[in-house]
Amino acid sequence: MRENAVVARSHFTLSLAAVRHNARTLIGALGGAELWAVVKADGYGHGAADVARAALAEGATALCVATAGEAAALRPDFPHARVIVLGPSGPDDVRAAREIGLEIVVSDGPVPDGVPVHLKLDTGMGRWGLSEVPAPGRDVVGLMSHFASADSDPAFTRLQTGRFLEATAPYSHLTRHLANSAGALRYPEARLDAARCGIALYGISPFGGDPGDDGLRPALRWESEIALVKTLRPGESTGYGRRFVAGAPTCIGIVPVGYADGFRRAMSGTEVLVAGRRATVVGTVSMDALAVALPDGGSVGDPVTLVGDGVLIEQHACVSGTIGYEIACGLVTRPPRAQREVVGA
Ligand SMILES: *Cc1c(COP(=O)(O)O)cnc(C)c1O
């Protein structure tokens, strides 16, 4: 690490070539259905505008976000793109949608005028969604639903697909969209007119396995370096709670990345690369640092690959009992989705 100035403790690299490859792979798999690029949560932590630009250039025909705020942040960069707000919209969101030309999703209550609307049907997700399709008014452009378990439960996914097809059959003139990444990749009957794909676009497997199995390439690399090397004597430990105690003289390296950077505390035990070789994260991950075992020794400045070169987000997710989505969304800062207020001065 360089001294003084502002020292980056780690470095993210987004490969637009990988995003473009994934967009092409999805478009190929979709067999004629449109690809809508889901870039909510700042593009799953990858950077919404960069991913959106690459996906649109490759042939995606719309962008999907969770909130009108996320859409407003993208609008200046993409003045002409179709932008669909997937989350529920209140009156302020509807006003913003009219002003900056967004499409919204309606899952209950009256359908507002003067803004293109997608009616969302609940076919089994058990969250937002209408229980039946009302006669679509003039502003309704799409009918949609969302899968609960397309990554893991074929029978339920087919049940949801059947319900959706039946409920929307009279309205085949509207754009019908149902599939997420897992649905788009594995259920041809769910591809319909468009698929809303997020995770696969980033080259992360919706199934938690190797993204290469579906022809996807991870788009993000996350790198740092060894900031300190030390040898623990037998009985010495590293980190909070003394959860790693050396049984024999053990060389460890300290990496200046921790859970405040998105390297979750539960990721202790996962593997990263140090100077190209696999190394296990030992002890408790701290807020700003983690330790790796270096049985063959190491040096300050050795490159550490936290994600990339075969170190998969899916593997970190598996070790920490979560899904790749959650790891990715936690990695980098994103436009605020909640308001912050300071009180009690
Ligand atoms: C997030 C989201 C998607 C994208 O899901 P992936 O599994 O990331 O492809 C699709 N549709 C809706 C309604 C979503 O909220």
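Visitor: At which residue does UniProt place the feature "modified residue: N6-(pyridoxal phosphate)lysine"?

Guide: This is a predicted model, in which local features need pLDDT of at least 70, side-chain atom pairs count only at pLDDT 80 or more, and totals for chains, interfaces and linings use all residues. Residues are numbered from 1 along each chain as its sequence is written, and side-chain values use heavy atoms, with hydrogens and water left out. UniProt positions are given here in that numbering, with feature names shortened and annotations that may be inferred rather than shown by experiment. The feature comes from an unreviewed UniProt entry, which places it at Lys-40.

Visitor: What is the relative accessible area of Lys-40?

Guide: Lys-40 lies in helix H2, where helices (H or I, at least four residues) and strands (E, at least two) are DSSP runs numbered from the N terminus. Not counting residues up to four places away in sequence, Lys-40 touches Cys-64, Val-65, Ala-66 and Glu-70, a contact meaning heavy atoms within 4.5 Å. Buried means under 20% relative accessible area, exposed over 50% and partly exposed in between, with a 1.4 Å probe and protein chains only. Lys-40 is therefore partly exposed, its relative accessible area being 28%.

Visitor: Which backbone oxygen does the side chain of His-46 reach?

Guide: His-46 sits in the loop between helix H2 (40–44) and helix H3 (48–58), and it counts as buried because its relative accessibility is 7%. At 2.9 Å, its side chain reaches the backbone oxygen of Tyr-44.

Visitor: Is Ser-205 buried or exposed?

Guide: Ser-205 lies in the loop between strand S9 (194–197) and strand S10 (220–225). Beyond its neighbours within four places in sequence, Ser-205 is in contact with Asp-210, Pro-211 and Glu-314. Because its relative accessibility is 5%, Ser-205 counts as buried.

Visitor: How far apart do the C-alpha centres of domain 1 and domain 2 lie?

Guide: The protein chain is divided into domain 1 (33–203) and domain 2 (220–343), with bounds that come from an automatic or database domain assignment. Along its principal axes, the C-alpha trace of the chain spans about 75 × 50 × 35 Å. Between the C-alpha centres of the two domains the distance is 35 Å.

Visitor: How many residues are in the largest nonpolar core?

Guide: A nonpolar core is a set of buried Ala, Val, Leu, Ile, Met, Phe, Trp, Tyr and Cys residues joined through side-chain atoms within 4.5 Å. In the largest one, Val-39, Leu-63, Leu-201, Phe-263 and Val-292 touch the most other members, and this core draws at least three residues from each of domain 1 and domain 2. Another core, of seven residues with Leu-232 and Ile-252 among them, lies apart from it. The number of residues in the largest core is 92.

Visitor: What is the relative accessible area of Phe-156?

Guide: Phe-156 is placed in helix H6 (residues 154–168). Leaving aside neighbours within four places in sequence, Phe-156 is in contact with Gly-124, Ala-148 and Ser-149. Phe-156 is partly exposed because its relative accessible area is 25%.

Visitor: What is the mean pLDDT of the protein chain?

Guide: pLDDT is the predictor's confidence in each residue, from 0 to 100, and 95% of the residues in the chain reach 70 or more. Over residues 1–5, however, the pLDDT is below 50, and over residues 333–337 it stays under 50. For the protein chain, the mean pLDDT is 93.

Definitions and conventions. Polar contact = N/O pair within 3.5 Å; in protein donor to acceptor, adjacent residues only side chain to side chain.
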